[in-house]
Amino acid sequence: MEKRPFIELGLAPELLRAVDKMGFEEASPIQTAVIPIALTGRDVVGQSATGSGKTAAFSMPAITCVDPHKKAVQVLMLCPTRELAVQVAEEVSKLALFKKGVHAVPIYGGQSYERQFRALAAGVQIVIGTPGRVMDHMERGTLKLDSLKLVILDEADRMLDMGFRDDIEHILSRVPDTRQLLFFSATMPRIIQDMIGRYSRDPAWIKIEAHAKNAPQVDQVYFEVDRRSKIDVLTRIIDLYDFRYGIIFCSTKIMVDELDEHLHARGYATDRLHGDISQAQRDRVMDKFRRRAFEFLVATDVAARGLDLDDLEVVFNFDLPNDAEDYTHRIGRTGRAGKTGKAFTFVSGRDLWKLQSMVRFAKLKIRRENVPSLDQVEEARANLFFEKLRTTLDQATYRKQDRLIDRLLEQGYASTDICSALIHLLQGGENAAETATAKPERKEADATPAALTAPSSTVAAKAASAPASAAAAPASPARAATKAPVRAPAAKAKSNEDESDEVPDRPSARGAFAPPVRTGREPGFTTVFLNVGRKNLVTPADVVGKIAGVTRLPAQVVGAIDIRQRHTLVGIADEHVPFVLEKMRGIRVKGQALAPALASERDTEAD
């Protein structure tokens with residue numbers, strides 16, 4: 001079954017607006033097959049795996065058939081568990097957002113009866129509930145089904161396995177004969193077929209087969225990650241494995257835009273692709289990606305379909321796809337042409353159950369791992385640097401720096417100290433290498449340099465070249481093949497958005513209860529402490545550009561800037577201070593992760 005855009009399924013404009021707001025681009029196979037038939041009023045029996053998009057497949061026809069001016073129950077949805085009932089209710093609320101007057105309520109065991117009585121008495125049109133509690137309300141007379149138009153059974157096989165057969169049959173025997181019935185189940189045992197035969201009228205049978213195939217050349221891993229931590233875990237894994245070329249899949253256009261902005265602000269070279277991007281722009285993005293002009297493409301399934309890419313290092317499922325077939329289609333973009341690849345999937349909450357269903361259904365070979373710690377990431381970086389250094393030594397392609405090293409030895413520096421200092425500089429310490437070479441500043445993502453130089457055979461201190469020759473040394477094979485330029489955050493194109501954002505009311509981590517320090521020269525500005533200074537080679541342009549690029553606020557919100565040896569004091573317009581503190585936390589400037597805070601009196605004292 002092919003997928004089609006929602007606009008081709010005969011949905012009302014209100015539903016199309018809701019789908020667009022949620023960021024979805026096209027219907028899943030079960031949605032493509034079910035929605036047009038259900039909209040005609042015919043009974044439907046749908047069979048597909050859990051997590052294939054069935055909720056939207058029956059919710060959209062349900063919302064369509066509701067008369068918002070009639071305050072009576074018109075749709076009844078039966079679910080096996082309270083968790084699924086709540087999930088379906090949330091989905092219905094999102095889809096009904098623009099159809100004014102439509103109200104839905106979940107009813108299930110364990111929730112207060114009084115709350116459910118009030119909700120039902122208010123005149124809801126859609127009820128989502130578990131069979132036991134629904135039957136209970138019917139017996140009490142608090143749930144009247146005289147005006148019912150549509151009955152939906154979701155996960156019917158699970159409801160029967162849980163012993164709800166008698167409850168379901170009792171409910172179906174009490175609903176009007178003229179109602180429409182939508183019946184969804186992952187499996188179709190005989191008992192379900194008998195029930196369908198007794199209660200449905202000439203149903204359309206729709207079965208979605210999954211043709212997922214495993215990708216034997218792809219090492220598949222999933223992490224159980226809270227949604228708020230996904231970006232941190234993503235960047236940690238990228239740094240751990242030193243990935244430089246891959247695709248990050250998201251389920252919606254909104255998530256693609258947000259993730260691209262976050263990664264860009266953190267110094268990663270990214271670009272995005274989704275259905276709202278014009279064909280001309282799409283071609284430009286893909287041309288740049290094939291040339292490795294940036295590192296990671298953030299995309300939806302629709303935008304990434306048909307891409308001809310053979311040598312991706314990694315695929316990330318930032319959001320879990322709808323079904324196993326989409327999953328294998330995504331990860332199959334790496335591990336091609338006899339090469340091995342890696343695929344990482346992030347799941348949380350309900351997605352974990354959905355992934356487990358996909359694993360059983362398509363026999364996926366995916367294992368669970370713990371999120372790597374920061375210590376593991378640092379150790380991996382050190383090991384990577386060690387291997388590059390050793391490769392450079394073995395190849396002996398570096399320029400000799402005997403004269404410079406001899407000068408340092410003559411001044412009494414120990415060879416091991418010289419070596420350690422050079423490695424410190426190469427790994428980003430104080431970024432002094434850029435000053436010595438008068439080169440443009442290295443962007444944040446380039447923490448470990450591509451070019452390494454090595455020692456002469458007689459002096460251990462010559463384990464790395466002097467900074468002056470770093471640019472002339474050949475690139476390390478491990479890095480040079482995938483190194484891409486990084487866009488400066490401030491240079492990223494922005495839409496004409498309102499320049500003011502809602503400012504979260506949140507105290508800073510540092511000096512949260514200290515009174516704000518004023519600059520004196522600028523009324524209306526508060527002094528903010530940044531943990532970078534002259535030793536990091538920070539300039540006022542760095543500060544203004546980084547704040548403007550990350551927060552998308554105009555440069556005028558930045559006031560006086562006082563750069564000290566180890567920290568910087570910067571004036572921020574009062575109304576934007578909490579927002580700036582929130583957004584700038586963890587952003588890298590000159591290789592240093594920021595920990596911004598309100599400045600204290602001690603911070604303002606002279607160095």
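Visitor: Does Thr32 count as buried or exposed?

Guide: First, a caveat: this is a predicted model, where local features need pLDDT of at least 70, side-chain atom pairs count only at pLDDT 80 or more, and totals for chains, interfaces and linings use all residues. Residues are numbered from 1 along each chain as its sequence is written, and side-chain values use heavy atoms, with hydrogens and water left out. Thr32 is found in helix H2 (residues 29-39); helices here are DSSP runs of H or I with at least four residues, strands are runs of E with at least two, and both are numbered from the N terminus. The cut-offs are under 20% relative accessible area for buried, over 50% for exposed and partly exposed in between, with a 1.4 Å probe on protein chains only, so Thr32 at 4% relative accessibility is buried.

Visitor: Within what arc do the buried residues of H1 fall?

Guide: In helix H1 (residues 13-22), the buried ones are Leu15, Ala18, Val19 and Met22. An α-helix has 3.6 residues a turn, so residues three or four places apart point the same way. Taking the directions from the helix axis to the C-beta atoms, the buried residues of H1 line one face, because they fall within an arc of 100°.

Visitor: Which helices do those buried residues of H1 pack against?

Guide: The face turned away from the buried side carries the exposed Pro13, Arg17 and Lys21. Counting contact as heavy atoms within 4.5 Å, the buried residues of H1 pack against helix H3 (54-65), helix H4 (82-95) and H11.

Visitor: Which strands stand at the edges of the open sheet of seven strands?

Guide: The order is S10-S11-S9-S12-S13-S8-S14, with parallel pairing, where two strands pair if DSSP finds at least two bridges between them. An edge strand has a single partner, so one side is left without a neighbour in the sheet, and that describes S10 (270-273) and S14 (367-368).

Visitor: At about what angle to S10 does helix H12 run?

Guide: Axes are lines fitted to C-alpha atoms, for helices over the stretch in contact, and angles run from 0 to 180 degrees between N-to-C directions. Helix H11 (residues 253-265) lies across S9, S10 and S11, at about 175° to S10. Helix H12 (residues 279-290) also lies across S9, S10 and S11, and its angle to S10 is about 140°.

Visitor: What relative accessibility does Pro596 have?

Guide: Pro596 sits in the loop between strand S19 (592-593) and strand S20 (597-598). Leaving out residues up to four places away in sequence, Pro596 touches Val528, Phe529, Leu530, Leu581, Met584 and Arg585. Pro596 counts as buried, with a relative accessibility of 2%.

Visitor: How many disulfides does the structure hold?

Guide: The test is a pair of cysteine sulfur atoms within 2.5 Å. As for individual cysteines, Cys65 is partly exposed at 23%, while Cys419 is buried at 16%. The disulfide count is zero.
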